[in-house]
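Hi,

Here is the structure I promised to pass on. Have a look, and then read on for my notes on its aromatic rings.

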Amino acid sequence: MPVQGRVVISELYCKGCELCVGACPQEVLRLSTERITSKGYHPAELAGEGCTGCGICAVVCPEAAITVYRQVIRRSTAAVGA
Amino acid sequence: MVVEQIVPEEIVYQRPRSLVECATHYCPGCTHGVAHRIIAEVIDEMGLREHTIGVASVGCSVFAYNYFDFDWVQAPHGRAPAMATGVKRVLPDRMVITYQGDGDMASIGMTEVVHAAARGENITVFFINNANYGMTGGQMAPTTLPGQKTTSSPHGRDVELAGYPIRASELLATLEGAAYVVRRSLHDPKNIRLAKKAVRTALEVQRQGLGFSMVEMLSICPTNWGMSPNQALQWLAEKMIPYYPVGDYRVSPSVAQLKV
Ligand SMILES: Cc1ncc(C[n+]2csc(CCOP(=O)(O)OP(=O)(O)O)c2C)c(N)n1
Ligand code: SF4
Ligand code: SF4
Ligand code: SF4
């Protein structure tokens with residue numbers, strides 16, 4: 001199963017420029033048609049499942065509006081029969 | 001036996017501490033914001049927030065002093081490298097950076113940057129090249145491409161009349177005092193990462209006292225180019241990069257040995 005992630009996009013900063021939408025390799029970002037920010041923009045949001053927490057959207061965002069979270073999988077070798 | 005333990009989640013990316021918690025006045029998609037972000041990230045990573053003094057220029061980035069959470073002064077148009085020279089000579093233990101557009105640095109301020117580089121001033125210039133004067137309404141700049149339409153070259157830049165665009169990195173790279181002069185681009189994730197690495201190297205050059213450093217960053221101005229931000233990124237990649245190739249134009253021998 002691929003690692004799962006999620007993003008939180010701040011409505012204080014987001015200007016709906018769509019650069020993150022164009023850059024997301026999983027194509028899981030879109031502009032919200034429901035919400036509008038205090039500056040009058042439709043902010044970006046996750047459109048569905050499939051975010052891997054790769055952070056590419058945060059690399060291209062000019063507003064530093066995106067916080068990226070990712071599930072951590074720690075692998076350890078356990079002694080058999082212990 | 002391999003045991004997989006899934007810990008709920010960790011933060012992979014968050015807004016750098018060196019950016020003030022306020023919205024900027026930049027147009028949606030303007031990559032001035034990306035340049036700000038990567039500079040702030042590097043300053044955080046190097047632990048320099050309490051030791052950095054920025055010199056803001058005149059142009060869309062004039063309010064940089066409101067957006068970065070460290071000390072700034074504001075220079076008259078084009079004079080940032082001269083002001084930075086003074087600040088650095090008085091306070092040599094601080095990191096002194098300038099943040100300048102192409103109109104500011106390559107037009108009215110060409111003298112200041114050339115002489116600061118020639119003197120080998122131990123300052124770092126961040127040069128944002130968006131091929132026009134953004135703040136004043138998209139007029140032709142020294143960096144406007146041949147044939148590029150701007151508000152003051154409505155039929156496209158005529159090189160017979162207005163000459164050819166200046167390649168500032170190549171020009172400054174001829175100067176002995178320049179230690180590190182490179183061009184990067186802000187049009188895709190890979191190039192943004194390379195730009196960030198160059199910002200890091202430039203600040204390391206200054207920290208070690210190796211001389212003048214400059215990182216030119218190709219940047220978009222969707223508003224004055226009359227394009228959506230994503231179209232503007234494509235225009236940058238297709239039109240600007242052939243004339244302004246990304247690359248390292250001067251890496252002095254002492255800088256080449258740096259491990260960043
Ligand atoms: C002495 C002086 N001359 C002219 C101007 C008008 N002016 C303001 S910003 C600017 C150029 C800005 O272009 P650039 O440096 O490329 O920055 P950008 O806005 O594109 O980021 C000019 C010519 C001024 N403010 N002061
Ligand atoms: S790149 Fe940033 S500012 Fe632009 S739409 Fe995405 S989150 Fe909003
Ligand atoms: S972290 Fe990666 S997968 Fe998730 S939204 Fe951002 S770019 Fe898309
Ligand atoms: S006018 Fe151009 S350079 Fe200035 S903020 Fe808008 S997009 Fe950016």
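Is B:Trp235 buried or exposed? B:Trp235 is buried, at a relative accessible area of 17% (buried means under 20%, exposed over 50% and partly exposed in between, with a 1.4 Å probe and protein chains only).

Before the rest, some housekeeping. This is a predicted model, where local features need pLDDT of at least 70 and side-chain atom pairs count only at pLDDT 80 or more, while totals for chains, interfaces and linings use all residues. Residues are numbered from 1 along each chain as its sequence is written, chains are lettered from A and ligands numbered from 1 in the order in which they are written, and side-chain values use heavy atoms, leaving out hydrogens and water.

Over all chains there are seven aromatic pairs (rings of Phe, Tyr and Trp, the latter by its six-membered ring, with centres within 6.5 Å; planes under 30 degrees apart are stacked, over 60 edge-to-face, the rest tilted). One of them joins B:Trp225 and B:Trp235: the centres are 4.6 Å apart and the planes at 55 degrees, so this pair is tilted. B:Trp225 is buried too, at 11% relative accessibility.

Then there's B:Tyr243 with B:Tyr244, an edge-to-face pair with 5.1 Å between centres and 75 degrees between planes. Both are buried, B:Tyr243 at 16% and B:Tyr244 at 0% relative accessibility. B:Phe68, B:Phe70 and B:Trp72 make up one aromatic cluster.

Lastly, charges over rings (NZ of Lys or CZ of Arg within 6 Å of the ring centre and within 35 degrees of the ring normal). A:Arg6 sits over the face of A:Tyr69, 4.2 Å from the ring centre, and B:Arg15 over that of A:Tyr13, at 3.7 Å.

Cheers
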